[in-house]
Amino acid sequence: MRFRVTSEIEAAIMKLDGETSIVEISSGNGACLSQLENFIEILHDRCVVEPMELRQAINDSQFYRLLNFLGDYFPAEEVFGAFDKVRSAKVAVLGCGAVGSWTSLQLAHSGFQHFILIDSDIVEESNLNRSLFLAEDLELPKVQALTKAIHRVSPDCTVSRVQKKISMASSLSTVLTEAAPDIVVNCADEPSVDVTSEWINQYCQEHGVPYVIAGGYNLHLSLIGMTVRPGVSACYNCSRLTLDELEDTSLRGVKRLWRPKRNLGSLAPLAGVTSSLAASEILRLAVQSERLVPAMQNRRGEFNFLTNELSYVSLPPRPECGCIELARKTG
């Protein structure tokens, strides 16, 4: 951003030191007090300046680095309110494998305090190449091992563990209804990402709960899933309509090769890319502000390991889906 100001206002701004009052600075530099106050208010709204007492409160907090980060997007007096929303948000994580474990841990590092972990599996040796789990976690339920990891970061976190195989939409709806999460993140690939995303979409659209499809990783690609805000952005069903159209076009005349058993590779950094971006989206949802809108609503992306490039596909709301209109009527 650029501003054109008088030399007197410029000199006054350079005198802001957290100790001298605006009145003193104005009179000492010949600057118009009202103009100086108006300009400082603009800078304050753009997160450039902040009151000294709030700066001191941030510096005194054990989370001062996170608060400083939020201070890049929120005026000083809104920073603690945004952080309180992060602290109070209850996040349900469906699937605690590679992406789910790293996403949860990054949320704990970012100040989140309330988790619902949903997974039926135990930690196996094959998980150690891409998940956060340790050799000492082998044979433990993943939800238990992940709870230990979260508590190593923040012992005060509350973690509800659901060690249950989710095999149908009604089972997931029952679990989520009882848990009442504020945000849901889909990190599950059983029975498939598409199926679990359909289940989550159904619950979240009915209850007005935002959700993140964390995506996945396969071969040399990391899939960066979409973020959905019911009544505001495209839902999962909207995305399928668009993606099916794109696939029909790109695969026209191509014969599909069926391979029931494939030797698929995986790499921990690819799971890390997906989980990092998913955790970033969850933070954006938690603060509930147009100052920090989710970057992945109405689109999804791919990170290419071979080229280190990110590419995106636009997934706009589809009128024929009717999800936004339905959410507005029921909301």
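Student: How many aromatic pairs does a search of the whole structure find?

Tutor: The general idea is that rings of Phe, Tyr and Trp (its six-membered ring) pair if their centres lie within 6.5 Å; planes under 30 degrees apart count as stacked, over 60 as edge-to-face and the rest as tilted. Here the search of the whole structure finds 2 aromatic pairs. One of them is formed by Phe 63 and Phe 83, a tilted pair with 5.1 Å centre to centre and 50° between the planes. The pair links distant parts of the chain, 20 residues apart: Phe 63 is in the loop between helix H4 (52-59) and helix H5 (64-70), and Phe 83 is in helix H6 (residues 76-88).

Student: On what basis are such values and residue numbers given?

Tutor: This is a predicted model, in which local features need pLDDT of at least 70 and side-chain atom pairs count only at pLDDT 80 or more, whereas totals for chains, interfaces and linings use all residues. Residues are numbered from 1 along each chain as its sequence is written, and side-chain values use heavy atoms, with hydrogens and water left out.

Student: What does the secondary structure of the chain come to?

Tutor: Helices (H or I, at least four residues) and strands (E, at least two) are DSSP runs, numbered from the N terminus. The chain has 13 helices and 10 strands. Its C-alpha atoms fill a box of roughly 80 × 50 × 45 Å, taken along the principal axes.

Student: At what angle do the axes of helix H7 and helix H8 cross?

Tutor: Axes are lines fitted to C-alpha atoms, for helices over the stretch in contact, and angles run from 0 to 180 degrees between N-to-C directions. The axes of H7 (residues 98-109) and H8 (residues 142-153) cross at roughly 20° and come within 9 Å. Angles under 35 degrees count as roughly parallel, over 145 as roughly antiparallel, 65 to 115 as roughly perpendicular and the rest as oblique. H7 and H8 are therefore roughly parallel to each other.

Student: Which residues make this contact between H7 and H8?

Tutor: Contact means heavy atoms within 4.5 Å. H7 contributes Gly 100, Ser 101, Ser 104, Leu 105, Ala 108 and His 109, while H8 contributes Leu 146, Ala 149, Ile 150 and Val 153. For classes, Ala, Val, Leu, Ile, Met, Phe, Trp, Tyr, Cys and Pro count as nonpolar, Asp, Glu, Lys and Arg as charged, and the others, Gly among them, as polar. The contact of H7 with H8 has 6 nonpolar, 4 polar and no charged residues.

Student: How far apart are the axes of H4 and H6?

Tutor: The axes of H4 and H6 are 9 Å apart, and the two helices pack at an angle of about 35°. Leu 54, Ala 57 and Ile 58 in H4 meet Ala 76, Glu 77, Val 79 and Phe 80 in H6. By class, the contact of H4 with H6 comprises 6 nonpolar, no polar and 1 charged.

Student: What does Ile 200 touch, apart from residues up to four places away in sequence?

Tutor: Ile 200, in helix H10 (residues 193-207), touches Leu 94, Leu 172, Val 184, Asn 186 and Tyr 211. Ile 200 counts as buried, at 1% relative accessibility.

Student: Where is a cis peptide bond, and which residues have a positive phi?

Tutor: Most residues other than glycine have a negative phi, and most peptide bonds are trans. In this model a cis peptide bond joins Glu 190 and Pro 191, with omega about 0°; Pro 191 lies in the loop between strand E4 (183-186) and H10. Cys 47, which is not a glycine, has a positive phi of about 65° and lies in the loop between helix H3 (33-45) and H4. Asn 308 likewise has a positive phi, near 60°, in the loop between strand E9 (299-304) and strand E10 (309-314). Asn 308 is exposed, with a relative accessible area of 57%.

Technical notes. Buried means under 20% relative accessible area, exposed over 50%, partly exposed in between (1.4 Å probe, protein chains only).
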